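Please work through the two exercises below with the sequence and the 3D structure at hand. Try each task before reading its solution.

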Amino acid sequence: MLKIKSKISLHFVVLTVFIAGILILVNNCSTSQKSSVFKIVLVQYNDSPLSELSQEGIKEGLKKSGLTEGTDYSLKVYNAQGDISTLNLIFDGVINEKPGLVFVTSTPTLQVAVKKIRDIPVVFSVVADPVLAGAGKSFEEHLPNVTGISTMGDYSGMIDLIKLIHPETKKIGTIFTPGEINSVRNMEDLKKNAESAGIELVSVPVTSSAETADAAMSLIAKQPSIVCQIVDNLTSVSISSILKVCSDKNIPVFGFVSDQAEKGAVLVLSRDYRQAGIDAVRLAKKIMDGSEPSLLPFEFVSKTNIIINQDAAAKYVINIPPEILTRENVILLK
């Protein structure tokens, strides 16, 4: 009887060990599967059209790379809603999450990222001048964990277009945001290129969206022939106010963000911000496959479009020359 009980006990122990082994194996397989999902975080400064387009491009780029969300990667999106304190808190949380890679959009976001993140790869887009933002000394010599896509506006190209479309132009105007280093840089670049072509740039500063309409009125009072609105986060969000004031005063607006043509700008020379997201994923995929960010130089976005609102052009009696209309990168809106 004792032998029978001993055999039963032995069988029970063996069975228990076997089941425990199976459970450990299943748990290890499950853990292995979970760890194979590459954790990605996207941090945005605000809900500007630029960041939204770049986010769409990032998602499109990940899909085009053959990656499946939930299987190959997870993507968590954070938005500071334009608040720097919130942005800092978001990055504190991101560091604790320890993702495999962080996408950032906009200059303020990159500025905080380079101060806080040292050991996680950071890939930026919707940043005019990453060097000015503190990401490196040049496009080739940069922080070892950072790479990305510059969307610096084509201000030289815009002045060339203005000279072709409106050769008698002597004065243009823009609104800029002193609190955004990218805005100041963009304004200075537009001014330099305008002055080289014999055109004066007049500008008005703005510090909040609520002030934009008043800033536009102050700008119009300086009597520019064209409002050539530079790229920054604040004015991109409040562009409708600028367009309305200019429309009421019969002053045409030229811009640098694609959605501005749809809202009433006559012409937009736009870096393709969706393409910037796609381009950023191309760099990110190299990192995911084992490349070091330090070996990946910063790049300019690979696509720029000329978008023309034909109804707006007719409203302001502006004729677009055939030499512009026949270019491959022209998009016509009615």
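This is a predicted model: local features need pLDDT of at least 70, side-chain atom pairs count only at pLDDT 80 or more; totals for chains, interfaces and linings use all residues.

**Exercise 1.** Describe how helix H5 and helix H6 are placed relative to each other, and state which residues make the contact.

*Solution.* Two packed helices are described by the angle between their axes and the distance between the axes. Begin by finding helix H5 at residues 155-165 and helix H6 at residues 181-196, whose axes come within 9 Å and cross at roughly 45 degrees. Angles under 35 degrees count as roughly parallel and those from 65 to 115 as roughly perpendicular, and H5 and H6 are therefore oblique to each other. The handedness comes next, and the crossing of H5 and H6 is right-handed. On the side of H5 the contact is made by Tyr-155, Ser-156 and Ile-159, while H6 brings Asn-186, Asp-189, Leu-190, Asn-193 and Ala-194. Sorted by class, the residues in this contact of H5 with H6 are 4 nonpolar, 3 polar and 1 charged.

**Exercise 2.** Find how many cavities of 30 Å³ or more the model holds, and describe the lining of the largest cavity.

*Solution.* The count comes to 1 cavity of 30 Å³ or more, and about 110 Å³ of space lies in the largest cavity. The largest cavity is lined by 16 residues, of which Leu-50, Val-126, Ala-128, Asn-182 and Val-231 are the closest to its centre. Turning to the elements, strand E4 (122-127) and H6 each supply at least two residues of this lining. Finally, divide the lining residues by class, which gives 8 nonpolar, 7 polar and 1 charged.

Technical notes: Residues are numbered from 1 along each chain as its sequence is written. Side-chain values use heavy atoms; hydrogens and water are left out. Axes are lines fitted to C-alpha atoms, for helices over the stretch in contact, and angles run from 0 to 180 degrees between N-to-C directions. Helices (H or I, at least four residues) and strands (E, at least two) are DSSP runs, numbered from the N terminus. Angles under 35 degrees count as roughly parallel, over 145 as roughly antiparallel, 65 to 115 as roughly perpendicular and the rest as oblique. A crossing is left-handed if the near helix is turned anticlockwise from the far one by less than a right angle, and right-handed if clockwise. Contact means heavy atoms within 4.5 Å. Ala, Val, Leu, Ile, Met, Phe, Trp, Tyr, Cys and Pro count as nonpolar, Asp, Glu, Lys and Arg as charged, and the others, Gly among them, as polar. On a 1 Å grid over the protein atoms alone, a cavity is a set of points where a 1.4 Å probe fits but cannot get out, and a pocket is an open set with protein on both sides within 12 Å along at least five of seven lines; lining residues have an atom within 4 Å of a point. Grid points are joined across faces, edges and corners, and a volume is the space filled by probe spheres set on the points.
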